[in-house]
Amino acid sequence: MRSIVFTGVKGVGKSTLVREVTGLLGLPHKDYADLILEVMGSDDKDKLQDLTPTERRAIITRVEEWLRTNPVFDGSSDYLLLENHLTTTNGGTIEPPIVEKWSQFRIAGLCVLYADPNEIVARRSADKSRQRQ
């Protein structure tokens, strides 16, 4: 199985696009943040914003270890849609994703999403379902 990675900044519409592509093509998908939450034993994505860079790196290492024994590839498809942030912010610091060991995802394609920052802020401000920054 090969992965097609959908990435971009927070609020750009990755989840929306991945849901649409999943529906159209019937491909399985994973959100890398969900893998992190699974390893953390949480279901609250807003908790990810509170991690320090050191904590984030430690969690990513645990995710990589978890993936060795819990593969995301179940053999049901030739491709997996993988959603991940292009960068994360923490206390004003921009951090790139830690992807040194992404070989297990066998990346076949990369889709980088872009949107006007003002549109992102307006959309996120209107979303009352989560406490977003």
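Reader: What makes α2 and α3 a packed pair, and which residues meet there?
Author: Contact needs heavy atoms within 4.5 Å. In this predicted model, Tyr32, Leu35, Ile36, Glu38, Val39 and Met40 of α2 meet Ile59, Ile60, Arg62, Val63, Trp66 and Leu67 of α3.

Reader: How are two packed helices described?
Author: By the angle between their axes and by the distance between those axes. For α2 and α3, the angle is about 90 degrees and the axes are 9 Å apart.

Reader: Why are α2 and α3 called roughly perpendicular?
Author: Angles of 65 to 115 degrees count as roughly perpendicular. The angle between α2 and α3 is about 90 degrees. The pair is therefore roughly perpendicular.

Reader: What does Val63 touch beyond its sequence neighbours?
Author: Leave aside residues within four places in sequence, and Val63 is in contact with Tyr32, Leu35, Ile36 and Val39.

Reader: What makes a set of residues a nonpolar core, and which residues have the most contacts inside the largest one?
Author: The members must be buried, of nonpolar type, and joined through side-chain atoms within 4.5 Å. The largest such core here has 15 residues. Those with the most contacts inside it are Tyr32, Leu35, Ile36, Leu48, Val63 and Phe105.

Reader: Which helices each supply at least two residues of this core?
Author: α2 (32-40) and α3 (53-69) do. The largest share, 6 residues, comes from α2.

Reader: What does a second, separate core include?
Author: This second core has 9 residues, including Phe6, Val12, Val21 and Ala115. As a general point, nonpolar side chains in soluble globular proteins tend to be buried together.

Reader: Why does Ala33 count as buried?
Author: The cut-off for buried is under 20% relative accessible area. Ala33 has 10% relative accessibility, so this residue counts as buried.

Reader: Where does Ala33 lie, and what is in contact with this residue?
Author: Ala33 lies in helix α2. Neighbours within four places aside, Ala33 is in contact with Lys45 and Leu48. Ala33 and Ile60 are 27 residues apart in sequence, and their C-alpha atoms are 10.0 Å apart.

Reader: How many helices and strands does the protein have?
Author: The protein has 4 helices and 6 strands. From the N terminus on, the elements run β-α-β-α-α-β-β-β-β-α.

Reader: What is the strand order in the open sheet of 4 strands?
Author: The order is β2-β3-β1-β6, with parallel pairing.

Reader: What makes β2 and β6 edge strands?
Author: Each of them pairs on one side only. β6 covers residues 107-112. Neighbouring strands of the sheet are turned by 20 degrees against each other on average, direction ignored.

Reader: How do you know that strands β1 and β3 pair?
Author: Pairing takes at least two bridges. β1 (residues 2-8) and β3 are joined by 7 and run parallel. Ser3 has Leu80 as its bridge partner in β3, and Ile4 has Leu81.

Reader: How many bridges join β2 to β3?
Author: There are 3, between strands that run parallel. β2 covers residues 29-31. The bridge partner of His29 in β3 is Leu81.

Reader: How do you know that β1 and β6 pair?
Author: The requirement is at least two bridges. β1 and β6 have 5, in the parallel sense. Phe6 stands opposite Cys111 in β6.

Reader: Which helices pack on the sheet, and which strands do they touch?
Author: Helix α1 (residues 14-25) touches β1, β2, β3 and β6, and its direction makes about 170 degrees with that of β3. Helix α2 touches β2 and β3, and its direction makes about 65 degrees with that of β2.

Reader: What percentage of the residues of the protein count as buried?
Author: Of the 133 residues, 37% do. The accessible surface comes to about 8100 Å², and 53% of it belongs to carbon and sulfur atoms.

Reader: Among contacts between residues at least 6 apart in sequence, what percentage join residues at least 24 apart?
Author: The figure is 77%.

Definitions and conventions. Residues are numbered from 1 along each chain as its sequence is written. This is a predicted model: local features need pLDDT of at least 70, side-chain atom pairs count only at pLDDT 80 or more; totals for chains, interfaces and linings use all residues. Side-chain values use heavy atoms; hydrogens and water are left out. Buried means under 20% relative accessible area, exposed over 50%, partly exposed in between (1.4 Å probe, protein chains only). Accessible areas come from the Shrake-Rupley method with a 1.4 Å probe; for residues, only the protein chains shown count as cover. Axes are lines fitted to C-alpha atoms, for helices over the stretch in contact, and angles run from 0 to 180 degrees between N-to-C directions. Angles under 35 degrees count as roughly parallel, over 145 as roughly antiparallel, 65 to 115 as roughly perpendicular and the rest as oblique.
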